[in-house]
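Open the model in your viewer and keep the sequence panel beside it. The stops below say what to select and what is there.

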Amino acid sequence: DMLSMGCTTVVNMDGGGSTEMLARRAGSDRLETVSYPSDGSSRSVSNCLLIVSDAPRSADVGSVVVDSDVKLYAGSAADFSIRLTDKSGSAMGTEGKTVAWSARYGSVDEAGRYTAPAGPCEDVVTATVDGVSGSADVSVVDASGIASITAGDTGTVALMQGDVHQFGFAACDA
């Protein structure tokens with residue numbers, strides 16, 4: 001029960017089709033929908049619960065958020081980027097900050113471009129700013145580890161003459 005978890009005041013909302021949660025993810029000043037209503041689309045809502053932090057902003061790096069984990073073919077490359085928060089969790093820019101990139105097995109240049117090693121492995125890409133580090137996992141596979149490849153786009157993709165569309169593919173292991 002809530003008392004055993006140390007709660008002294010609890011708000012219970014219905015959790016039905018009108019329930020949606022927005023949050024500001026680490027390193028971002030934007031609100032994003034992180035939990036969609038049960039029917040999959042946003043609704044007009046007349047009530048809300050708003051939680052706001054009044055912690056003062058700081059010039060000290062609190063956390064380094066590296067792009068999400070990726071899976072790559074051996075020898076291929078991917079570009080990583082970071083987002084920073086200050087010690088109070090507020091987003092802060094990277095201007096004037098030096099990012100030191102590293103990887104356990106592959107290589108990462110000063111711009112965050114990771115090049116996978118020649119063979120399969122489980123790697124970690126790390127970015128360090130002002131002594132604070134964040135990382136992302138990289139699964140490096142060779143062609144023998146791929147069981148299927150699927151297109152990221154489904155259905156018809158209509159383009160006007162001169163338009164450009166980047167098609168995505170996902171490689172899956174067994």
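**Stop 1: the four-stranded sheet**

Start with an open sheet of 4 strands, ordered β4-β12-β11-β8 with mixed pairing. Strands here are DSSP runs (E, at least two residues), numbered from the N terminus, and two of them pair if DSSP finds at least two bridges between them. Select 70–73 and 100–103 to see the edge strands, β4 and β8, each of which pairs on one side only. Neighbouring strands of this sheet are turned by 25 degrees against each other on average, direction ignored; the axes are lines fitted to C-alpha atoms.

This is a predicted model, in which local features need pLDDT of at least 70 and side-chain atom pairs count only at pLDDT 80 or more, while totals for chains, interfaces and linings use all residues. Residues are numbered from 1 along each chain as its sequence is written, and side-chain values use heavy atoms, with hydrogens and water left out.

**Stop 2**

Move to the open sheet of 3 strands, β3-β6-β7, where the pairing is antiparallel. Its edge strands are β3 (61–66) and β7, each pairing on one side only. Between β6 and β7 there are 2 bridges, and Thr85 stands opposite Ala91 in β7.

Now select Ser90, in the loop between β6 (82–86) and β7 (91–92). Is Ser90 buried or exposed? Ser90 counts as buried because its relative accessibility is 11%, the cut-off for buried being under 20% relative accessible area (1.4 Å probe, protein chains only). Beyond its neighbours within four places in sequence, Ser90 is in contact (heavy atoms within 4.5 Å) with Arg24, Arg57, Leu84 and Thr85.

**Stop 3: the β1–β2 hairpin**

Select 21–24 and 31–35: these are β1 and β2, which run antiparallel and are joined by 4 bridges. Ala23 has Glu32 in β2 as its bridge partner. The hairpin has 6 residues between the strands, and Gly27 takes a positive phi near 85 degrees.

**Stop 4: Leu159**

Finally, select Leu159, in the loop between β13 (148–151) and β14 (169–172). Leu159 is partly exposed, at a relative accessible area of 44%; partly exposed lies between the buried limit and the exposed one, which is over 50%.

Key: Axes fitted to C-alpha atoms, helices over the stretch in contact; angles between N-to-C directions.
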